[in-house]
Amino acid sequence: LFRYGRSAFFVADSAETTGLKWAAASSGALTLIKRASFSNVATTTTTFDSVFTTTYKSYLVNIETVSAATTSDDLQFQFRNGTSTIAADYYGLSTLSQHNSTTWTFQGSSGATAMTLTQNLVAGTTLAFWVNNVGGSTSTASFHGTGLAFNLPQNIQTGGGLYATTTVDGILFKSSSSNITGTVSIYGLATA
Amino acid sequence: MTTLNEMIEIIRAENPNGLRAGNDEIGYIDLTADEYEAQIIQWAQGRLNTEARIAAAIQVEQAKKTAEAKLAALGITTDDLKALGL
């Protein structure tokens, strides 16, 4: 990759026998929709409202960093529909494994009021997950992804969905029993 | 075992100046008194659930250690049990 002024270029395959052939870089398949940081909040409330639209079919939610005031807390999310928080019908499973144990911890959500992504929300926790079936007409939103609680360290695998047919256009983050601090970015994935 | 009301008081004491929502970009707003109370109750239940989960995990670990001690007293190892397909 080569940057000249405000333009980016990359070395392309070339039939030229000598020298280099330059071509304009792609604008990229992932488009940043929203990035926000929050500090000591009970929930992110409306911060990530209206991020899911008909523009994309898949969205990447990148929790760059998140932590809770009480580090034994769970990280949870809830989908949003307009100004309403959807607080029912979350089903899914997160599997957690720590560096010093061969035992898996299973954190299930079964008809829950929120989806639990991980336990032990220590500083340095990061997760990224894909969200599908959102932003358009009524559907059953689903997600899957991975993460790391770096300070433990603990690996995280998670997946599940909202087993109710509804429109989802936003997402809210919170912990199970204290304030959270973090930064989250949400991207749309182009289909072409 | 902490009761729900005791946990509500613990969490209320942790947040004597109220709670807020929002982000760095648009700013923060304080939760109303009703929203604060609802959030504290929800958090209290969440922390009780976590406490119960941790207590259950400790109990499982202790039961495992007790069983291993009993096997050791009989001269049996976990490898012996694996050999039996257990």
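Modeller: Contact here means heavy atoms within 4.5 Å, and with that rule, among the contacts in chain A between residues at least 6 apart in sequence, 68% join residues at least 24 apart.

Biologist: What kind of model is this, and how are things numbered?

Modeller: It is a predicted model, where local features need pLDDT of at least 70 and side-chain atom pairs pLDDT 80 or more, while totals for chains, interfaces and linings use all residues. Residues count from 1 along each chain as its sequence is written, chains are lettered from A and ligands numbered from 1 in written order, and side-chain values use heavy atoms, without hydrogens and water.

Biologist: How many helices and strands does chain A have?

Modeller: Chain A has zero helices and 15 strands, taken as DSSP runs (helices H or I, at least four residues; strands E, at least two) numbered from the N terminus.

Biologist: Switching to chain B, how many of its residues are in contact with chain A?

Modeller: On the chain B side there are 19 residues, and they are in contact with 23 residues of chain A.

Biologist: And how many salt bridges cross that interface?

Modeller: The rule, a side-chain nitrogen of Lys or Arg within 4 Å of a carboxyl oxygen of Asp or Glu, finds two salt bridges between chain B and chain A. The side chains of Lys34(A) and Glu25(B) form a salt bridge, with 3.0 Å from N to O.

Biologist: Which elements of chain B give two or more residues to the side that touches chain A?

Modeller: Those elements are α1 (4–14), β1 (20–23) and α2 (33–73) of chain B, and α2(B) gives the most, with seven residues.
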